[in-house]
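Reader: Please take me through one part of this model in close detail. I would like a single connected account, with the surroundings of that part included.

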Amino acid sequence: MRRRKYRTKPGQTMLVCSDTHWASPNCPEGGVDPQAESCMLQAMEIVKPDIFCHIGDAGEWNPASLWKFSRRKRPPVDGYILNSVDPKRCDLYEDIIAVNEGLDKIDARLTAADEYRKAAGKAVVASRRIMIEGNHEVWVDNLLLENPAFNSATNPWGKPGWSPDRLMQLKKRKWDYIPHGEVFYVGRLGMYHGGHYSTTYHAARHLAEYSSSIMYAHTHDQQSAKKATLGEPIGGWSIGCLCDMDKPFMKGKPTRWSHAFAIVHFREGGRFNVEIVEIFDGRCWVYGQEIVG
Ligand SMILES: [Fe+2]
């Protein structure tokens with residue numbers, strides 16, 4: 001299969017985050033962890049990334065959840081989602097606002113980084129912004145399949161269409177949107193939301209099956225592995241999450257989830273160095289500087 005890719009330049013830096021699960025304040029399952037989010041935003045101010053990649057589950061999108069009606073009959077879609085011709089009365093409205101507020105914070109840091117590069121006279125000024133669709137965004141896609149009226153219904157931004165990229169205003173924000181399951185290459189590093197392999201040693205399994213360096217999330221845990229090839233070794237990284245990790249749907253099950261994000265430095269030929277920044281108790285270190293969220 002032909003893969004889409006972004007050709008990096010030596011010296012470029014990418015910051016990668018995942019699983020923010022931004023949600024309505026009333027959402028029982030979702031929501032970002034404010035300290036973890038703050039750490040990542042402060043890291044953006046230090047790193048000033050040329051490339052930013054959110055690898056999915058930007059929103060919780062609980063009203064579209066596959067599981068919400070697992071124990072009872074799902075009502076007709078327009079009865080609980082569209083609700084009326086007023087998109088502000090839609091059950092998804094508060095999630096849409098929360099996700100956009102989260103993206104606004106990231107965009108503000110990226111624009112500041114662009115201005116820094118412009119002032120420094122760099123050849124490439126504009127940051128590349130990438131959103132990879134997560135399985136929670138797919139819940140919204142599935143709603144559209146169930147009720148095609150959404151495809152033309154006016155969304156809260158006064159535009160037609162309720163697809164996740166439209167709800168997140170990605171075109172206006174100048175973000176690329178990569179569909180769920182597609183691996184998008186940044187240099188030699190493949191990126192996707194995750195979920196193809198979620199076994200205990202999922203990083204090693206990804207390398208065994210993909211035979212390519214790969215970064216993903218979905219499992220909300222950190223894991224990495226290396227694999228030999230006849231050329232250079234390849235690596236796989238699961239980069240944790242930034243969401244509130246106290247989830248009622250886990251019903252008290254212990255997990256190895258952790259808060260983290262990744263910084264990737266690119267060298268010649270799309271080669272790269274990966275640094276996973278772990279956030280523990282709302283603290284992390286970036287380039288030797290302590291960040292308190
Ligand atoms: Fe997630």
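**Strands, sheets and the helices around them**

Author: Strands β6 (residues 184-186) and β7 (residues 189-191) run antiparallel, joined by 3 bridges. The model is predicted. Within this pair, Tyr 185 has Gly 190 of β7 as its bridge partner.

Now the sheet around that pair. It is open and has 6 strands, in the order β1-β6-β7-β8-β10-β9. Its pairing is mixed. The edges are β1 (5-6) and β9. Each has a single partner strand, so one side of each is left without a neighbour in the sheet. In general, strands of a sheet pair through backbone hydrogen bonds, either parallel or antiparallel.

Helix α7 belongs to this picture. Its residues are 202-210, and the buried ones are His 202, Ala 203, His 206 and Leu 207. These cover an arc of only 145° around the axis, which puts them on the same side of α7. The background is simple. An α-helix has 3.6 residues a turn, so residues three or four places apart point the same way. What do the buried residues of α7 pack against? They pack against β8 (214-216), β9 (222-227) and β10 (234-239).

After α7 comes Ser 211. Its phi is near 50°, a positive value in a residue other than glycine. Ser 211 sits in the loop between α7 and β8. It counts as exposed, with 11 C-beta neighbours inside 10 Å; the cut-off for exposed is 12 or fewer.

Next, the other sheet. This open sheet also has 6 strands, in the order β5-β4-β3-β2-β11-β12. The pairing is mixed here too. β5 (175-178) and β12 (272-279) stand at the edges. Each has a single partner strand, so one side of each is left without a neighbour in the sheet. Neighbouring strands are turned by 20° against each other on average, direction ignored.

Look at β11 in that sheet. It covers residues 259-266 and pairs with β12 in the antiparallel sense over 8 bridges. Ala 260 stands opposite Glu 278 in β12. His 265 has Asn 273 of β12 as its bridge partner. The two strands form a hairpin, with 5 residues between them. In the turn, Gly 269 has a positive phi of about 65°.

β11 also pairs with β2. Those two strands run antiparallel, joined by 4 bridges. Thr 13 stands opposite His 265 in β11. Is β11 mostly covered or mostly open? It is mostly covered, with 7 of its 8 residues buried.

Helix α1 (residues 34-47) lies across β2 (13-17), β11 and β12. It runs at about 175° to β2. In the loop between α1 and β3 lies Lys 48. Its phi is near 50°, a positive value in a residue other than glycine. Lys 48 is partly exposed, with 18 other C-beta atoms within 10 Å.

Then α3. Its 27 residues should span 39 Å at 1.5 Å a residue. The end C-alpha atoms are 39 Å apart, which agrees. Its buried residues are Asp 95, Ile 96, Ala 98, Val 99, Asn 100, Gly 102, Leu 103, Ile 106, Arg 109, Leu 110 and Ala 113. The buried residues of α3 pack against α1, β3 (51-54), β4 (128-132), α5 (164-167) and α6 (170-173). α3 is followed by Gly 121, whose phi is positive, near 70°.

Finally, the core. The largest nonpolar core has 71 residues. Leu 15, Val 16, Ala 43, Cys 53, Met 191, Met 215 and Phe 261 touch the most other members. Helix α3 (residues 93-119) gives the most to this core, with 7 residues. Take Val 16 as an example. Not counting residues up to four places away in sequence, Val 16 touches Cys 53, Ile 55, Met 215, Ile 239, Phe 261, Ala 262 and Val 264.

Terms used:
Residues are numbered from 1 along each chain as its sequence is written. This is a predicted model: local features need pLDDT of at least 70, side-chain atom pairs count only at pLDDT 80 or more; totals for chains, interfaces and linings use all residues. A nonpolar core is a set of buried Ala, Val, Leu, Ile, Met, Phe, Trp, Tyr and Cys residues joined through C-beta atoms within 7 Å. A residue is buried if 20 or more other C-beta atoms lie within 10 Å of its own, exposed if 12 or fewer, and partly exposed in between; C-beta atoms are placed from the backbone. Two residues are in contact if their C-beta atoms, placed from the backbone, lie within 7 Å. The arc is that of the directions from the helix axis to the C-beta atoms. Two strands pair if DSSP finds at least two bridges between them. Axes are lines fitted to C-alpha atoms, for helices over the stretch in contact, and angles run from 0 to 180 degrees between N-to-C directions. The expected span of a helix is 1.5 Å times one less than its number of residues.
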